[in-house]
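Have a look at the sequence and the model below.

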Amino acid sequence: MKNRNKVLSVLLATSLVLGTAACGAQQPASDNTGADTQQTTENTGDQATEAASTEEVASGSDAPLVIASDDFSEKFSEFFAASVPDQRVADFTSVALLGNDRAGELIYNGIEGETKTYNGTDYTYQGIADCVVTENADGTVDYEFKLRDGVKFSDGEELTADDVIFSYYVYIDPSYDGSASTYALPIKGLAEYRSGSDTLFNLLVKGGADNTDFTFVTEDQQKKFFETDLPEAGAKFAQSIADYCTAKGYLAATEAVAKADIANAMANWGFAKDNEDGTITTAATGTTFDVAGGQAPTAEDFWNEMMASYEGDVVTLSDTEQADSGILDFLSDDYKVAIETGDSVDHVEGIQKVDDHTVKITLTEVDATAIYQLAIMVSPMHYYGDPSKYDYDNNKFGFEKGDLSSVRAKTTTPMGAGPYKFEKFENKIVYMTANENYWEGVPVTKNLQFKVTSNADKESGVVQGTVDISDPSASKSALEQIAGENSNGEISGDKLTTVLTDYRGYGYIGMNSENVCVGGENGSEASKNLRKAIATVISVYRDVTIDSYYGEAASVINYPISNTSWAAPQASDPDYKVAFSVDVNGNDIYTAGMSEDEKYAAALEAALGYFEAAGYTVTDGKLTAAPEGAKLGYEVMIGGGGSGDHPSFGILTAASESLKTIGFDLQINDLSDTSILWNALEAGTAELWCAAWQTTLDPDMFQIYHSEGGSAGHYRIYSDELDKLVLEARTVTDQAVRKALYKEALDFVVDYACEIPVYQRQDCNIFSTERINVDTITPDQTTYYTYLNEIHKIAMN
């Protein structure tokens with residue numbers, strides 16, 4: 001079972017700026033304008049410098065800069081941040097080893113700086129370190145980071161190699177349970193360091209309540225865990241999901257159920273069916289609760305239902321179903337400590353301190369994605385660790401191996417070398433002050449606040465003055481409303497200044513190739529032709545519908561990859577093709593000067609050709625019989641809230657009406673409860689569906705398209721040819737070669753016709769023209785480089 005909005009709680013895993021994030025991972029999102037509002041954070045660690053320094057800009061006011069935010073989880077730690085808003089706060093207090101430019105390319109020479117041209121303007125980017133990558137003859141790869149002299153944490157202590165070493169060892173500790181995946185890299189000696197230990201929590205869960213082997217756990221620990229601590233934590237875990245649903249405004253169909261927070265959550269999260277008569281029936285145990293009659297389920301009931309659904313698999317349950325917090329967040333730190341269960345070494349051979357300002361990391365093999373995980377955010381050892389426990393020469397790294405209690409203790413009060421210092425979190429507001437020791441100069445605006453703001457108030461809040469910057473969802477109607485606030489009728493004017501940047505992701509329509517195929521052979525030409533027939537008709541309606549829904553806030557894409565990626569094919573490329581624009585014989589379907597109606601007719605005619613090639617019987621321009629294993633119609637699931645509120649709804653409606661004229665039934669299932677969609681994807685029962693992928697700077701395709709990737713089962717491709725391309729691209733560091741390999745992979749996916757690329761939408765940031773000196777806002781913002789990267793330069797009027 002999969003929760004309705006799991007993607008929103010794991011977006012951190014795809015954050016570019018956190019070098020420790022699992023870059024390349026992509027996550028599905030329903031992407032209707034109501035639910036898809038949380039975005040990945042941008043890099044505030046390595047800032048870019050331009051011709052004017054911060055000292056040349058003077059603020060005309062002592063007023064705080066107030067930025068609208070979604071709800072916080074109070075995990076303001078680079079190590080353990082669990083949501084995008086928390087990560088943003090952590091990033092403001094921290095610095096990363098490497099930053100990136102506006103095009104998303106990493107800056108390897110941060111100390112001297114690199115000048116890059118973007119949109120006709122030269123920009124110089126600096127950072128706190130240089131990085132030299134050396135591929136050795138024996139197949140190993142060295143990453144040597146040289147730190148800038150004089151970088152200080154906000155308390156005045158200098159940032160040195162010891163802090164980098166400490167930070168690495170936190171991320172690779174056997175007890176680390178944050179979102180970073182540095183521990184998965186092929187660092188020399190890392191496996192030997194992490195072996196021979198496991199956390200008390202894992203040992204208890206693996207043993208189970210009936211365990212009789214007390215070699216590593218005691219009988220009292222086991223009894224206390226299963227009889228008291230786990231049930232109590234489970235109830236809190238269940239309540240956190242209910243609170244999340246309430247905060248996001250996810251409501252069950254029946255008013256009585258919607259008002260009961262646990263019942264509402266169970267319905268929204270897919271663990272109960274709203275019978276629409278005031279009762280709900282649970283999915284796993286079949287228990288019925290008369291909510292309207294006063295018999296609402298409790299948090300304990302919800303937890304027990306989840307446990308029944310997962311047959312007691314606590315780990316998978318927590319990983320899959322959590323909203324903002326996992327089950328470990330509700331257990332004491334005692335359960336997170338690693339216990340020695342076998343042999344291990346006391347240090348990692350591939351993490352070396354060269355001198356006080358240089359650290360070298362050695363990988364045993366080439367991994368093109370590694371640099372994004374090695375360019376970590378550096379945290380102060382003297383604050384998060386224990387200086388008395390740090391002695392590099394004697395393999396002591398600031399804490400006892402397996403015990404991160406000192407690091408966890410600072411989770412709600414971050415500190416680092418970023419532009420701002422954390423002061424407090426109070427009444428849903430994070431208060432921060434300028435870091436006077438910031439390596440790029442003291443931020444112009446002294447006081448900054450992150451203020452929790454509902455989506456409905458993100459535009460009005462800036463107009464009314466409760467916030468100065470916010471990020472409302474960008475749609476045609478939203479932009480019209482913004483323009484209406486300005487006297488010039490434009491989206492930037494005397495009241496509001498608007499900046500649109502491409503969203504780091506894209507919307508698509510997917511097909512399960514095993515469910516939409518001929519004769520049970522999903523990779524056959526006949527099966528591909530069936531899917532191409534459907535895709536051809538759907539694709540022709542993309543332009544008009546996306547323009548109607550988004551206006552200037554989105555554009556149609558033709559490859560299953562975000563336009564923000566450096567690996568995305570460009571229209572200027574000689575082999576660039578509009579998606580599904582050729583017929584079964586390889587001829588162009590459309591010609592210059594065609595009207596929209598002519599295009600629709602041409603697409604339908606081409607679809608008939610594909611259907612016939614797939615083995616369908618075509619009589620007088622209509623389908624009269626399907627080949628073995630195929631059907632005369634398929635269902636497409638879309639999360640439009642039951643009211644068609646989705647950017648692809650109009651596309652599907654038009655395509656369905658068109659296909660119906662040739663005897664094919666594309667059935668649109670507009671879901672008010674999108675957990676049905678996620679459950680169908682996981683179970684492999686969906687035929688077609690609408691969703692979106694969130695992407696990162698690195699276009700690694702393993703998770704989505706490789707046979708062993710976490711989401712490969714959605715499409716059911718399972719191709720050795722595609723797997724080889726995906727893996728080969730991981731072993732090449734030359735970006736041009738990787739781009740060519742990814743283009744081959746993209747062409748393969750398009751030819752397989754299991755994914756129809758639909759749109760690249762835009763993120764919207766609005767600024768108060770009246771209260772902010774808009775001349776100090778970062779120019780030429782992109783998805784990889786926004787105002788957040790130069791927050792230290794923004795001045796108030």
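Predicted model: local features only at pLDDT ≥ 70, side-chain atom pairs only at ≥ 80, totals over all residues.

Residues are numbered from 1 along each chain as its sequence is written, and side-chain values use heavy atoms, with hydrogens and water left out.

**The sheet**

Helices (H or I, at least four residues) and strands (E, at least two) are DSSP runs, numbered from the N terminus. Two strands pair if DSSP finds at least two bridges between them. On that basis, an open sheet is built from four strands in the order S7-S8-S15-S14, with antiparallel pairing. S7 and S14 sit at the edges with a single partner strand each, so one side of each has no neighbour in the sheet.

| Element | Residues |
|---|---|
| Strand S7 | 129–135 |
| Strand S8 | 141–147 |
| Strand S14 | 351–355 |
| Strand S15 | 358–363 |

S7 and S8 are joined by seven bridges, and Thr 134 stands opposite Asp 142 in S8. Helix H3 (residues 161–172) packs on the sheet, touching S8, S14 and S15; contact means heavy atoms within 4.5 Å.

**The serine**

Ser 513 lies in the loop between strand S24 (505–511) and helix H16 (525–540). Leaving aside neighbours within four places in sequence, Ser 513 has contacts including Asn 522, Arg 531 and Tyr 752.

Notes: Axes fitted to C-alpha atoms, helices over the stretch in contact; angles between N-to-C directions.
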